[in-house]
Amino acid sequence: MAAEYRFSFGPWNIHEGADPFGPAVRPSLEFAKKLKMYKQLGFDGVQFHDDDAVPNMEHVSPAEMQRQAKDVKKMLDDEGLVAEFVAPRLWEDPRGVDGGFTANDAKCRDWAIERLKRCNDIGNALGTRLRVLWLAREGTYIRESKNAIEAYQYLLEALNTLLRYDNQCEIAIEPKPNEPMDHAYCPTIGHAIALALKSIDPNRVGGLIETAHALLAGLDPADEMAFAMSIGKLYSVHLNDQNGLKFDQDKSFAAANLRTAYNQVRVLELGGYPETGRFIGLDVKAMRTQKFETSHKHLSNSRTIFLKLVEKVRTFPRDVEAQCIADRDYEALELAVLQHLMGG
Ligand code: 3MF
Ligand code: MG
């Protein structure tokens with residue numbers, strides 16, 4: 001019944017378990033082996049950072065970069081997978097230390113724009129038009145270090161440069177309010193969409209909403225998705241979960257906030273998301289305690305719960321809902337939702 005949803009995740013979602021307080025606790029799984037797991041786990045789409053596809057992209061010629069990206073495309077084809085998007089990983093390079101597009105050093109800003117173009121070329125070689133901008137270090141540790149007005153103008157210019165560079169690409173901004181920065185530019189989907197609408201081609205700029213990022217901003221992820229969908233700008237999602245205001249946890253979908261998860265699925269159903277052909281992306285981390293052999297369960301578990309919640313949304317008694325709304329009896333509606341989620 002819910003088979004029309006298509007799922008994706010990124011290779012970084014199968015990881016070694018390192019955190020800021022300790023090193024890796026699991027062996028690495030090579031990229032080719034990760035790709036083999038996608039279909040087994042029920043996934044069809046692969047999310048990429050540019051250097052997930054071409055790890056040495058900063059050190060090879062454009063022709064060599066293209067060749068390596070084509071090799072990855074062949075690996076995808078062989079597994080029956082498609083690339084969902086490519087995102088420029090600006091935040092690990094020394095030149096991205098102060099942010100890329102909004103760095104105070106003009107040479108670093110130029111590098112970021114160049115990297116964005118190379119990322120775009122990798123996307124084309126992988127057969128996807130979608131670029132994702134998670135603006136990791138575009139922000140400040142202290143307010144006084146940047147001119148935020150200028151910074152937003154730089155961000156708009158980066159969007160416009162990419163739109164001019166490739167007249168087929170689509171850009172999804174992935175908002176996040178903090179981490180690694182104290183305050184990030186573009187903390188919410190509202191900020192992202194304002195930039196999109198101000199760009200030279202608003203029809204090709206939208207958003208990717210991550211559950212945890214919206215929760216960290218103190219917002220409801222379902223309403224953030226609804227806002228983007230109301231103007232046709234939900235280009236992807238990163239479903240996961242977050243237990244309160246702390247570091248970005250990337251827990252399995254619904255693991256901390258079942259009802260919030262239900263409401264994200266409800267809004268995706270209300271907005272006809274599967275009909276758009278866009279992916280249900282996951283951005284989830286395995287717990288550090290998980291053994292290597294079972295360090296993929298967070299992915300299949302998230303997908304399983306998503307599909308169960310689709311069923312829950314589709315089987316919610318509409319007549320009860322209509323009656324409660326007509327009577328303005330939201331107490332009764334709330335009880336009906338809770339009972340439905342609890343199975344009766
Ligand atoms: C950080 C994120 C990122 C982005 C990814 C793709 C590492 O909080 O969510 O995951 O999703 O870079 O844009
Ligand atoms: Mg994400």
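Ala, Val, Leu, Ile, Met, Phe, Trp, Tyr, Cys and Pro count here as nonpolar, Asp, Glu, Lys and Arg count as charged, and the others, Gly among them, count as polar. With these classes in hand, the shell of residues around ligand 1 in this predicted model can be sorted into five nonpolar, three polar and five charged members.

The shell holds 13 residues, and H49, E174, K176, H213 and D283 are the ones that come nearest to the ligand. For K176, an N or O atom of the side chain is 2.9 Å from an oxygen atom of ligand 1. For H213, the separation between a polar side-chain atom and an oxygen atom of the ligand is 2.8 Å. D283 likewise places a polar side-chain atom 2.9 Å from an oxygen atom of ligand 1. How much of ligand 1 does the protein bury? Taken alone, the ligand exposes 340 Å², and 91% of that is buried by the protein.

The next step is to look at the space that holds the ligand. Rolling a probe the size of a water molecule over the atoms shows where empty space is left. In this model, ligand 1 sits in the largest pocket, which contains about 1,600 Å³ of space. A total of 48 residues line this pocket, and those nearest its centre are H15, A18, D248, D250 and K285. Sorted by class, the lining of the largest pocket comprises 17 nonpolar, 12 polar and 19 charged residues.

Which helices and strands each supply at least two residues of this lining? The helices are α1 (31-41), α2 (50-53) and α10 (297-315), and the strands are β3 (82-87) and β4 (130-134). The largest share comes from α10, which gives three residues to the lining of the largest pocket.

The largest cavity has a volume of about 80 Å³. Its lining is made of 13 residues, with L90, W91, W134, A136 and E138 lying nearest the centre of the cavity. By class, eight residues of this lining are nonpolar, three are polar and two are charged.

Finally, two details of the backbone deserve a look. The peptide bond that runs from E179 to P180 is cis, with omega near 10°. P180 is found in the loop between β6 (170-174) and β7 (183-184). The other detail concerns C186, which has a positive phi of about 65° although this residue is not a glycine. C186 belongs to the loop between β7 and α6 (189-198).

Notes
Residues numbered from 1 in each chain as written. Chains lettered and ligands numbered in written order. Predicted model: local features only at pLDDT ≥ 70, side-chain atom pairs only at ≥ 80, totals over all residues. Heavy atoms only, no water. Near = heavy atom within 4 Å. Polar contact = N/O pair within 3.5 Å; in protein donor to acceptor, adjacent residues only side chain to side chain. Areas by Shrake-Rupley, 256 points an atom, 1.4 Å probe, with all protein chains shown as cover. 1 Å grid on protein atoms, 1.4 Å probe; cavity = no way out; pocket = protein on both sides within 12 Å on 5 of 7 lines; lining within 4 Å. Sits in = over half its atoms within 2 Å of the grid points. Points joined across faces, edges and corners; volume = space filled by probe spheres on them. Helix = DSSP H or I, 4+ residues; strand = E, 2+ residues; numbered from the N terminus.
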